[in-house]
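Open the model in your viewer and keep the sequence panel beside it. This tour goes stop by stop: select, look, move on.

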Amino acid sequence: MTATTTTLTGIPFNRPYLCGLEREYVGEAIGLGALSGDGPFTARATGLLARLVDAPEALLATSCTHALEMAAILLDLRPGDEVIMPSFTFVSTANAFALRGAVPVFADCRPDTLNLDERLIEDAITSRTRAIVVVHYGGVACEMSEITAIAARHGLTVIEDNAHGLGGSYHGRPLGSLGALATQSFHVTKNVQCGEGGALIFNDLSWFSRAEIIREKGTNRSQFFRGMVDKYRWIDVGSSYLPADLLAAFLTAQLEAFDDIQRRRHAIWSAYDTRLATWAASIGVQRPVVPAGRDHPAHLYQLLMRDLTDRQEFIRHLGHRGIQATFHYQPLHAAPAGRRYGRTAPAGCPVTDDIADRLVRLPLFAGMTATELDQVIDAVTAYRPGNHEL
Ligand SMILES: *Cc1c(COP(=O)(O)O)cnc(C)c1O
């Protein structure tokens with residue numbers, strides 16, 4: 001019965017997982033009447049997040065996109081300043097800097113972890129370079145020792161777009177604690193979510209007081225509420241980057257259930273990795289690569305198929321069995337806005353072009369049942385390239 005129902009409704013790529021206390025906390029926030037930003041639940045969620053990332057300060061934001069925009073404002077970028085980043089990332093990583101008139105410089109990724117290739121960074125640096133933005137793909141850490149050393153040599157700021165990485169670590173250090181600034185996403189597709197949400201993490205506290213102003217429409221309202229000034233005024237540029245406390249209430253429930261969410265996601269990730277290994281090896285499919293010294297947070301389970309045709313055939317094969325698998329980032333260096341606002345690093349991005357066409361992500365969400373997991377694994381292992389029965 002259950003299996004039949006599941007087959008009929010299908011297995012989505014993502015199904016939002018509720019931990020149980022979301023309704024209670026949102027109800028509590030409504031009861032308190034503190035509905036706008038920086039209420040009691042914002043303080044609670046911020047504390048939980050800062051502890052998870054082991055960062056001295058954090059500010060909740062309306063999205064990771066907005067947290068990246070705040071980071072770009074904090075850097076005081078001038079038109080023409082350059083920011084090195086991977087081409088293989090979400091649009092917002094680049095867009096936030098393009099909005100300031102800065103030039104995203106797109107570098108290629110490593111063929112194993114699909115992270116920014118640290119060996120290509122120095123050739124991409126010019127006299128206008130100001131920052132390096134890293135993205136820990138799937139929450140598998142970039143080569144941070146090398147990257148922070150390059151940044152130090154050239155006086156550049158490292159920013160972690162840690163949208164995938166909450167709960168991951170690099171040689172024992174939490175992801176999000178390795179750059180001067182880091183950004184988190186609580187979009188519905190991320191491990192911990194509140195529909196739409198994000199945060200800016202501070203590992204260098206010298207950015208913090210200005211960030212509070214940027215987040216509050218360019219005013220010193222946060223200081224006013226703490227009784228530090230007797231009226232609040234327009235101090236700097238900024239925008240409205242703080243989430244309603246209603247969303248922070250939802251997020252608090254999710255952050256409190258972090259260990260439960262992660263245990264569930266890791267069980268699915270590990271089942272995929274173990275039970276797909278023989279099949280993958282038999283038809284030349286690459287499974288995720290997690291180098292030594294890295295704990296990942298089971299954010300994605302991606303496979304690299306042989307080529308674009310194989311990947312599309314595989315997605316259709318799963319689709320016919322009611323399973324939604326999806327491709328991922330389209331290379332930014334080749335996107336219309338990437339060409340207009342950015343430039344490509346000297347080595348080009350051949351690996352990015354190649355893997356973007358071959359990559360496919362399997363369904364992975366904390367509420368996935370054992371039946372659903374079996375169904376996905378059965379459907380995947382039934383696939384042979386050029387030999388698909390429909
Ligand atoms: C999801 C994601 C974002 C955007 O997050 P939002 O919270 O939706 O703005 C940015 N960068 C990366 C790498 C992401 O995966």
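At what angle do helix H11 and helix H16 pack, and how far apart are their axes? Select residues 258–275 for H11 and residues 370–381 for H16. The angle is about 25°, and the axes lie 11 Å apart. Axes here are lines fitted to C-alpha atoms, for helices over the stretch in contact, and angles run from 0 to 180 degrees between N-to-C directions. So H11 is roughly parallel to H16 (under 35 degrees counts as roughly parallel, over 145 as roughly antiparallel, 65 to 115 as roughly perpendicular, the rest as oblique). H11 passes H16 in a right-handed crossing, that is, with the near helix turned clockwise from the far one by less than a right angle. Now show side chains. H11 contributes Ile268, Ala271, Tyr272 and Arg275 to the contact; H16 contributes Leu373, Asp374, Val376, Ile377 and Thr381. Contact means heavy atoms within 4.5 Å. Helices (H or I, at least four residues) and strands (E, at least two) are DSSP runs, numbered from the N terminus.

A note on the model before the next stop. It is predicted: local features need pLDDT of at least 70, side-chain atom pairs count only at pLDDT 80 or more, and totals for chains, interfaces and linings use all residues. Residues are numbered from 1 along each chain as its sequence is written, and side-chain values use heavy atoms, with hydrogens and water left out.

Next, select helix H2, residues 22–32. Colour Glu22, Tyr25 and Ala29: these are its buried residues. Buried means under 20% relative accessible area, exposed over 50%, partly exposed in between (1.4 Å probe, protein chains only). Look down the axis of H2: the buried residues fall within an arc of 75°, so they line one face. The arc is taken from the directions between the helix axis and the C-beta atoms. That set packs against helix H3 (40–53) and helix H10 (245–256). Turn to the other side of H2 and find Arg23, Ile30 and Gly31, which are exposed. After H2 comes glycine 33, with a positive phi near 75°.

Now the charged pairs. The structure holds 24 salt bridges, each a side-chain nitrogen of Lys or Arg within 4 Å of a carboxyl oxygen of Asp or Glu.

Select arginine 173 and aspartate 54; their side chains meet at 2.9 Å, N to O, in a salt bridge. The two are 119 residues apart: arginine 173 sits in strand E7 (residues 173–174), aspartate 54 in the loop between H3 and strand E1 (57–61). Arginine 173 is partly exposed at 35% relative accessibility, and aspartate 54 is partly exposed at 44%.

Stay in strand E7 and pick proline 174. Buried or exposed? Proline 174 is buried, at 15% relative accessibility. Beyond its neighbours within four places in sequence, proline 174 touches Leu52, Val53, Asp54, Gly168 and Ser169.

Go to arginine 128 and aspartate 81, another salt bridge, with the closest N and O atoms 3.0 Å apart. Arginine 128 lies in the loop between helix H6 (121–124) and strand E4 (129–135), aspartate 81 in the loop between helix H4 (64–74) and strand E2 (82–86), so the pair ties together parts 47 residues apart in sequence. Arginine 128 is partly exposed at 35%, whereas aspartate 81 is buried at 6%.

Select glutamate 118 and arginine 110: their closest N and O atoms are 2.9 Å apart in a salt bridge. Glutamate 118 is buried at 10%, and arginine 110 is buried at 13%.

Last stop: select Asp76, Arg210 and Asp236, linked in a network of salt bridges.
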